[in-house]
Amino acid sequence: MSMALSGEYLGMRVHVDELDQENHAFFGWCGRHELRVQQCASCGLKRVPPTTACPFCAHEASTWVPVSGRGTVYSYGEVHHAIQPVFREFTPYLLLLVELDEQRNEPAEFDGLRLQANLATPDGELAPPELVRSVGIGTRVRVVFRDIGEGIAMPLWTVDEEAEQPESPWRYPIE
């Protein structure tokens with residue numbers, strides 16, 4: 001039996017109990033710096049976030065398969081008033097909803113694998129304001145991992161330097 005995953009992110013305790021099998025597995029793979037998602041053993045569709053059963057066919061069996069860790073910003077939230085005190089020094093910061101390159105428009109149009117995480121620099125630090133202002137819907141990103149404890153890492157998004165970027169990604173008109 002595996003042990004709980006524990007760490008610290010920006011001074012906050014992170015604990016994923018071994019009884020939370022799906023999240024334990026997800027963050028365990030992240031701890032190996034691998035982005036993996038569940039793939040249904042019945043219908044073959046991938047899913048994220050991890051769940052106990054397939055949201056498409058309700059089958060319970062799945063395997064963990066690697067994905068590229070590359071995608072496109074589908075939506076975002078720009079936080080200016082952090083609720084958690086530790087995040088205040090990083091405002092504004094972005095929480096990105098990224099559509100992974102795999103399984104786009106499957107099983108139907110507008111479906112896809114989407115994963116939320118903060119925008120970061122390539123070395124896993126929360127993005128500074130100038131980077132925050134440059135990212136919007138359509139920006140191409142890739143996953144980076146920030147080790148936060150033994151065998152556990154936080155997945156974050158950074159701008160994909162190798163990908164073709166939109167001339168001006170769409171941003172909410174807030175300024």
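The model is predicted, so local features need pLDDT of at least 70 and side-chain atom pairs count only at pLDDT 80 or more, while totals for chains, interfaces and linings use all residues. Residues are numbered from 1 along each chain as its sequence is written, and side-chain values use heavy atoms, with hydrogens and water left out.

**Buried Glu22**

- Glu22 is in helix H1, helices being DSSP runs of H or I with at least four residues and strands runs of E with at least two, numbered from the N terminus.
- Glu22 is buried but has no salt bridge, and Arg47, the nearest side chain of opposite charge, is 6.6 Å away.
- Here buried means under 20% relative accessible area, exposed over 50% and partly exposed in between (1.4 Å probe, protein chains only); Lys and Arg count as positive and Asp and Glu as negative, with His and the chain ends not counted.

**Salt bridges**

- The structure holds nine salt bridges, each a side-chain nitrogen of Lys or Arg within 4 Å of a carboxyl oxygen of Asp or Glu.
- Asp101 and Arg140 meet in one of them (2.7 Å, N to O), and this pair links distant parts of the chain, 39 residues apart, with Asp101 in the loop between E7 and E8 and Arg140 in strand E9.
- Asp101 is partly exposed at 37% relative accessibility, whereas Arg140, at 18%, is buried.
- Arg70, Asp160 and Glu162 are linked in a salt-bridge network.
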